[in-house]
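Biologist: I am new to this protein. Walk me through it, please, and keep it brisk.

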Amino acid sequence: MRSIRDLYKVGKGPSSSHTMGPERAARIFLQENLGAERFEVVLYGSLSKTGVGHGTDRVLRDVLGAARTSVVFSETDPPDLKHPNTLDLLAYTGDKQTAFLRVESVGGGDIVLEGRENDAMQAQTYPENSLAEVLQFCKWRCISLWEYVELNEGPEIWDFLQTIWRTMRAEVEEGLEATGILPGGLNVQRKARYLYERQHAQEIPQVRELQLVCAYAFASAEQNAANGTIVTAP
């Protein structure tokens, strides 16, 4: 089984394949081309057809720099396209193209860099292949589940999970504060803050608890829809 680090990913919503994957690709490309004067990103397949609604262009400009980045929604796909969520990243200095990278956003925030080794995506952290095997191992070693995780991931896994938890909390807290219309063109009004603040004098505690749960869920979903920083767990 893969590492918990591969399951929980932090990035921009609303889509692990349409925003989180392209965001990761752009960060890698930017780091490799810090001296570039401008960038061009060409989106193909599903990224091209639904990228505006998902904010793919916005997250790419946020990472690479809005003033120096052009995003092209290609109407045709190259004949050698292997995956429907594919993007080409190009770097330029003056009129000269200095770098090129084709990336497939394969889901869950994972990406495949064409022509490069992507073995890290398949790395296995846990030798067991099912929860039944994990529980059997824990029983044999007389350890708890959290000890099993630390045994395979190392003690630094707890710092990682603390970061994930803080990001989740911030996602909800920011969603409860925000108001207005969500981006995407559908004119959807945010509701989380309204649900959170709405109370009745004679309200039953159990009803209030359910209302708060709904408010937290709306807050998270609305931050996701608004290209906010979220945690995905495919």
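Modeller: One term before the tour. A nonpolar core is a set of buried Ala, Val, Leu, Ile, Met, Phe, Trp, Tyr and Cys residues joined through side-chain atoms within 4.5 Å. Buried means under 20% relative accessible area, exposed means over 50%, and partly exposed lies in between, with a 1.4 Å probe and protein chains only. The model is predicted: local features need pLDDT of at least 70 and side-chain atom pairs pLDDT 80 or more, while totals for chains, interfaces and linings use all residues. Residues are numbered from 1 along each chain as its sequence is written, and side-chain values use heavy atoms, without hydrogens and water.

Biologist: How many helices and strands are in the protein?

Modeller: Both kinds of element are DSSP runs, numbered from the N terminus: helices are H or I with at least four residues, strands are E with at least two. The C-alpha trace spans about 65 × 55 × 30 Å along its principal axes. The protein has 9 helices and 7 strands.

Biologist: What percentage of the residues is buried?

Modeller: The protein exposes about 13400 Å², and carbon and sulfur atoms supply 55% of that area. Such areas come from the Shrake-Rupley method with a 1.4 Å probe, and for residues only the protein chains shown count as cover. Of the 234 residues, the buried share is 40%.

Biologist: Which residues have the most contacts inside the largest nonpolar core?

Modeller: This core has 22 residues. Elements giving two or more residues to it are helices H2 (16-32) and H4 (56-64), plus strands E2 (38-44), E4 (85-93), E5 (96-107) and E6 (110-113). A second, separate core has 8 residues, including Ile4 and Val134. In the largest core, the residues with the most contacts are Leu60, Leu64, Leu87, Leu89 and Val103.

Biologist: Take Val103. What is its relative accessibility?

Modeller: Val103 sits in strand E5. Contact means heavy atoms within 4.5 Å. Beyond residues up to four places away in sequence, Val103 touches Ala25, Asn85, Thr86, Leu87, Leu89, Ile111, Val112 and Leu113. Val103 counts as buried because its relative accessibility is 0%.

Biologist: Which Glu is in contact with Leu89?

Modeller: Set aside neighbours within four places in sequence. The contacts of Leu89 then include Ala25, Phe29, Leu64, Phe100 and Val103.

Biologist: At what angle do H5 and H6 pack?

Modeller: Two packed helices are described by the angle between their axes and the distance between the axes. Axes are lines fitted to C-alpha atoms, for helices over the stretch in contact, and angles run from 0 to 180 degrees between N-to-C directions. Under 35 degrees counts as roughly parallel, over 145 as roughly antiparallel, 65 to 115 as roughly perpendicular and the rest as oblique. H5 (residues 131-141) and H6 (residues 145-153) have axes 10 Å apart and an angle of about 95°.

Biologist: Which residues of H6 make that contact?

Modeller: Ala, Val, Leu, Ile, Met, Phe, Trp, Tyr, Cys and Pro count as nonpolar, Asp, Glu, Lys and Arg as charged, and the others, Gly among them, as polar. By class, the contact has 6 nonpolar, no polar and 1 charged residues. H5 supplies Val134, Phe137, Cys138 and Arg141. H6 supplies Leu145, Tyr148 and Leu151.

Biologist: How many polar residues are in the contact of H2 with H3?

Modeller: H2 and H3 (residues 45-54) pack at about 90°, with axes 10 Å apart. Ser17, His18, Thr19 and Pro22 of H2 meet Ser46, Leu47, Thr50 and His54 of H3. By class there are 2 nonpolar and no charged residues, and the polar count is 6.

Biologist: How far apart are the axes of H3 and H4?

Modeller: These helices pack at an angle of about 75°. That makes H3 roughly perpendicular to H4. Gly51, Val52 and His54 of H3 touch Thr56, Asp57 and Arg58 of H4. The axes are separated by 5 Å.

Biologist: Is Glu222 buried or exposed?

Modeller: Glu222 lies in helix H9 (residues 205-225). Beyond its neighbours within four places in sequence, Glu222 contacts Leu182, Gln189, Arg190, Lys191 and Ala192. Its relative accessible area is 5%, so Glu222 is buried.
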